[in-house]
Amino acid sequence: MGVPARPRTRNERAGADRTAIDTGILTNVGFYVYVSIVFALLALGFNLQWGYTGLFNAGIAGFFLIGAYTTAIAITPPTPPSIGYPGHLGGFSLPLWLAAILSMAAAGSVAALVALPTVRLRADYLAIATLAFAEVLRVVAINWESVTAGTIGIFPIPQPVEFNPPSAFLNAMVKVAIGAGVLLILLVVLLFMTESPWGRVLRAVREDEEATMALGKNTFLYKLQAFAIGGALMGLAGWLFTITINYIEPSGSFAPAITFSVWVMVIVGGAGNLRGAIVGAFAIYGLEWLSVQLKDYAPRELKDTIFYIRLMIVGTLLIVLIIYRPEGILREKKRILR
Amino acid sequence: MTERSEAPLILRVQDVRKSFGGIRAVDDCSLAVSPQSVTGLIGPNGAGKSTLFNLIAGLYRPDGGEIWFGDTRIDGLPPFEIVHLGLTKTWQIPHELRNMTVLENLVLGSKHNAGEHLTNLFFQPGLVRRDEKRWRQRAREVLRLTQLDALANEHAKALSGGQKKLLELARALMTDPTLVLLDEPVAGVNPTLAGNLMDLIEKLRRDGRTFFLIEHDMNVVMNRCDRVIVMHQGRTIADGTPASVKANPVVIESYLGG
């Protein structure tokens with residue numbers, strides 16, 4: 001973050017340089033916030049599918065990937081192959097808002113197509129089918145170089161706002177503002193949808209699909225809608241990821257581990273509770289972010305193990321929570337109808 | 001069949017078959033139910049009674065045969081369309097929506113509720129509000145009728161076994177059915193509540209509804225049903241008034257015992 005390697009004098013630390021140090025920390029906290037929001041969007045999508053409707057999607061990373069690549073291809077300037085870079089499809093230099101719509105549409109329609117044959121399956125088979133789907137997508141992204149630039153990935157992706165002179169701090173704050181705005185709008189819209197009679201049918205499908213059918217509901221249609229809308233939210237998460245990280249590559253960012261993290265976030269936060277999904281995302285990603293921050297302060301012999309300590313903490317936390325509070329930090333609330 | 005064809009039938013099952021693996025659960029089964037009756041379906045365990053109910057309600061698809069509801073052929077229709085025609089069922093083991101309140105369980109029985117369609121939420125908010133209000137009122141009426149009103153805002157999972165049976169019936173009534181299939185409505189229900197439940201069914205029948213029920217409680221079958229159909233090994237072996245069925249030697253041998 002531009003911090004000089006030379007040890008600073010007491011005067012420097014106390015004087016003009018302090019603001020630079022503070023913005024450095026804030027830039028870092030900003031990074032934590034917008035990455036958490038990316039996870040929160042994924043968690044909201046999964047919560048709609050599983051927390052509300054009972055559809056266990058194990059291919060979250062796949063819909064995330066579709067959104068991310070759609071955005072990367074949409075907003076970058078034309079990138080033909082050159083020496084040292086294989087090039088990728090487009091880009092098309094489209095505005096960010098249009099890329100957001102395209103990413104949601106792409107991930108949402110693919111989710112609907114995936115749902116058509118699979119949401120009729122029993123929960124465990126749905127999980128297997130969607131997990132396989134996401135892995136196939138990732139392998140395609142690795143190998144279809146002319147579209148995705150393969151393992152090299154797509155970069156540089158322009159910042160949402162270019163500052164002159166460049167400022168990591170201002171960039172981070174812009175990203176936090178975009179993420180927070182999107183999250184707030186989504187929270188309001190999703191609350192309206194899930195607390196409506198429509199949302200009530202989703203919960204009924206989760207509780208007992210046969211009984212819901214016997215009450216005259218076309219449960220297949222509701223499952224299809226929930227899966228597609230959840231997929232679209234994951235696509236939007238991909239959009240936010242691409243415009244904030246400015247670099248995407250298929251091997252790490254869209255691996256099954258992303259899917260597993262989102263599961264943990266929703267289980268810890270509280271399935272069937274929108275705020276729970278957001279709390280879970282900030283808490284679980286917070287542990288990862290903290291472990292990276294603490295690495296610099298950890299004693300030498302702990303430096304390499306701190307990553308594993310975090311995994312142990314997350315695992316233990318999950319076990320304790322499932323035993324003592326299976327409904328998550330924020331439990332699903334009881335709806336009192338008037 | 002000749003004497004029955006004169007009266008219009010509300011339900012007609014003709015040569016219906018259903019196998020699971022090598023087991024023929026329902027085997028060329030034929031029967032009929034008259035409108036505004038309380039018809040009992042009895043038979044030993046494994047006779048195919050519950051399977052037949054699932055076939056009629058559309059939860060299973062028959063391997064062969066025809067099922068008619070009034071003038072509409074319903075085999076092969078999806079369950080939700082059959083409910084919209086006015087035929088619904090309850091379960092032997094209550095299928096309550098556990099983590100939803102009793103009132104929510106009932107409101108879910110609403111038919112063509114505008115707010116259950118995603119587009120209406122955004123484009124017809126006024127209609128959604130009016131519809132929802134109307135259905136909640138109706139749900140409260142049904143709760144009073146079934147004496148569940150004190151439990152309206154309890155989670156369904158908090159109810160006792162007997163209360164869950166009442167909830168099943170109440171929820172079925174929300175769909176405004178002309179024919180209700182009840183799978184063991186009083187099993188596990190204490191005698192007083194069972195009596196109340198059967199009184200309610202009798203009252204609803206006088207209002208024009210038809211009940212077709214599976215029951216092992218012979219007291220209920222003999223005193224409350226107009227007609228009794230007996231199933232054994234996937235087919236009907238007897239059909240008549242409770243008294244005639246009780247005296248039928250085939251029924252005594254296969255089900256009632258000496």
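This is a predicted model: local features need pLDDT of at least 70, side-chain atom pairs count only at pLDDT 80 or more; totals for chains, interfaces and linings use all residues.
Reader: How do β1 and β2 of chain B pair, and over how many bridges?
Author: They pair in the antiparallel sense, over seven bridges. β1(B) covers residues 11–20 and β2(B) covers residues 23–33.

Reader: What about the turn? How many residues sit between the strands?
Author: Two residues lie between the strands of this hairpin. One thing to look at is B:G21, where phi is positive, near 60°.

Reader: Which residues other than glycine take a positive phi?
Author: Two examples. A:N246 has a positive phi of about 65° and is not a glycine. B:E184 is not a glycine either, and its phi is near 50°.

Reader: Take β3 and β8 of chain B. Parallel or antiparallel?
Author: Parallel, joined by four bridges. β3(B) is residues 38–42, and β8(B) is residues 210–214. B:V38 stands opposite B:F211 in β8(B).

Reader: How is chain B divided into domains?
Author: Domain 1 takes 11–95 + 177–256, and domain 2 takes 97–158. Their C-alpha centres lie 28 Å apart.

Reader: Now the contact between the chains. How many residues from each?
Author: Chain B gives 32 residues and chain A gives 24 residues. On the chain B side, α2 (79–85), β6 (87–89), α3 (102–107), α4 (118–123) and α5 (125–145) each supply at least two residues. The largest share on that side is four residues, from α2(B).

Reader: What classes make up the chain B side?
Author: Twelve nonpolar, twelve polar and eight charged residues.

Reader: Over to chain A. At what angle do helices α3 and α5 cross?
Author: Roughly 35°, and their axes come within 8 Å. α3(A) is residues 60–75 and α5(A) is residues 123–143.

Reader: Which residues meet there?
Author: From α3(A), they are A:A61, A:G62, A:L65 and A:Y69. From α5(A), they are A:F133, A:A134, A:L137, A:R138 and A:A141. By class, this contact has seven nonpolar, one polar and one charged residues.

Reader: How many residues are in the largest nonpolar core?
Author: It has 159 residues. A:L42, A:A43 and A:F64 have the most contacts inside the core. The core also draws at least three residues from each of domain 1 and domain 2 of chain B.

Reader: What is A:F64 in contact with, leaving aside neighbours within four places in sequence?
Author: A:F64 is in contact with A:L42, A:M234, A:A237, A:G238, A:F254 and A:I258.

Reader: How many residues of helix α8 of chain A are buried?
Author: Eleven of its eleven residues, 197–207. Among them are A:W198, A:R200, A:R203, A:R206 and A:E207.

Reader: Last topic. Which peptide bonds are cis?
Author: The bond from A:F155 to A:P156 is cis, with omega near -10°. The bond joining A:N164 and A:P165 is cis too, with omega about 0°.

Reader: Where do those prolines sit?
Author: A:P156 is in the loop between α6 (145–148) and α7 (168–194) of chain A. A:P165 is in the loop between α6 and α7 of chain A as well.

Notes
Residues are numbered from 1 along each chain as its sequence is written. Chains are lettered from A and ligands numbered from 1 in the order in which they are written. Axes are lines fitted to C-alpha atoms, for helices over the stretch in contact, and angles run from 0 to 180 degrees between N-to-C directions. Two residues are in contact if their C-beta atoms, placed from the backbone, lie within 7 Å. Ala, Val, Leu, Ile, Met, Phe, Trp, Tyr, Cys and Pro count as nonpolar, Asp, Glu, Lys and Arg as charged, and the others, Gly among them, as polar. A nonpolar core is a set of buried Ala, Val, Leu, Ile, Met, Phe, Trp, Tyr and Cys residues joined through C-beta atoms within 7 Å. A residue is buried if 20 or more other C-beta atoms lie within 10 Å of its own, exposed if 12 or fewer, and partly exposed in between; C-beta atoms are placed from the backbone. Domain bounds come from an automatic or database domain assignment. Two strands pair if DSSP finds at least two bridges between them.
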